[in-house]
Amino acid sequence: ENGGVLLITNDAADDDNYFAQWQGMNTSDVAEIFKFIVGKKTWFKTRLKTSDATQSDIVIGLQITDTTPLAVTDGVYFLKVDGSTTMNLLVTKNSTSTTTAAATMVSDTYVTLGFVYDGASNIDIFVNDVKVAASVTTNLVDDEELTVSFGIQNGEAVAKTLSLDYIFVASER
């Protein structure tokens, strides 16, 4: 595609998955460089699509380093679970989450997802550059550094794809 897109294709096995966390320039450890801090805004935006909006799990956002990103203990991230087309924003601290519905996924159709933390008590959620909801920060992880995480898991024994156009993250210092 124009400008390039990361295409992730899983094997044709139920629950086959591919998950990644950003390492930056470090080749041995995940780079946890983002932290939600009171008084400092944080922005996240991504554009993606999947070949199957129902029979796949998709996760993308900021998470603690974890080998189980679909059930991570700390982070602010978008999650679509197998058997549903609803993309939710989860605000999770110490395995307790606030979940807010964000978008309805459609197979092979790009969607732009984003959130903005206001540095105080609100996270605005955007779909295709339109504010669609807001989340409270009751379960905002404020005691851990986070990294960019993303991935897809098959919900049936059929290969699935995740096309990732871009990820943007910024925090005030």
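Is Phe115 buried or exposed, and at what relative accessibility? At 1% relative accessibility, Phe115 counts as buried, where buried means under 20% relative accessible area, exposed over 50% and partly exposed in between (1.4 Å probe, protein chains only).

The model is predicted: local features need pLDDT of at least 70, side-chain atom pairs count only at pLDDT 80 or more, and totals for chains, interfaces and linings use all residues. Residues are numbered from 1 along each chain as its sequence is written, and side-chain values use heavy atoms, with hydrogens and water left out.

**Aromatic pairs**

A pair of aromatic rings is described by the distance of the centres and the angle of the planes. Rings of Phe, Tyr and Trp (its six-membered ring) pair if their centres lie within 6.5 Å; planes under 30 degrees apart count as stacked, over 60 as edge-to-face and the rest as tilted. A search of the whole structure finds five aromatic pairs, two of which are given in the table.

| Pair | Class | Centre to centre | Angle between planes |
|---|---|---|---|
| Phe36 and Tyr117 | edge-to-face | 5.5 Å | 80° |
| Phe78 and Phe115 | tilted | 6.1 Å | 45° |

Both pairs link distant parts of the chain. Strands (E, at least two residues) and helices (H or I, at least four) are DSSP runs, numbered from the N terminus. Phe36 lies in the loop between strand E2 (17-21) and strand E3 (42-50), and Tyr117 is in strand E8 (residues 111-117), 81 residues apart.

Phe78 counts as buried at 0% relative accessibility. Ring pairs join Phe36, Phe44, Phe78, Phe115 and Tyr117 into a cluster.

**A charge over a ring**

The charged end of Arg47 sits over the ring of Tyr110, 3.8 Å from its centre. The criterion is NZ of Lys or CZ of Arg within 6 Å of the ring centre and within 35 degrees of the ring normal.

**The sheet**

An open sheet is formed by six strands in the order E2-E11-E4-E5-E6-E7, with antiparallel pairing; two strands pair if DSSP finds at least two bridges between them. E2 and strand E7 (96-104) are the edge strands, each pairing on one side only. Strand E6 (residues 86-93) runs antiparallel to E7 and is joined to E7 by eight bridges. Thr92 has Ser97 in E7 as its bridge partner.
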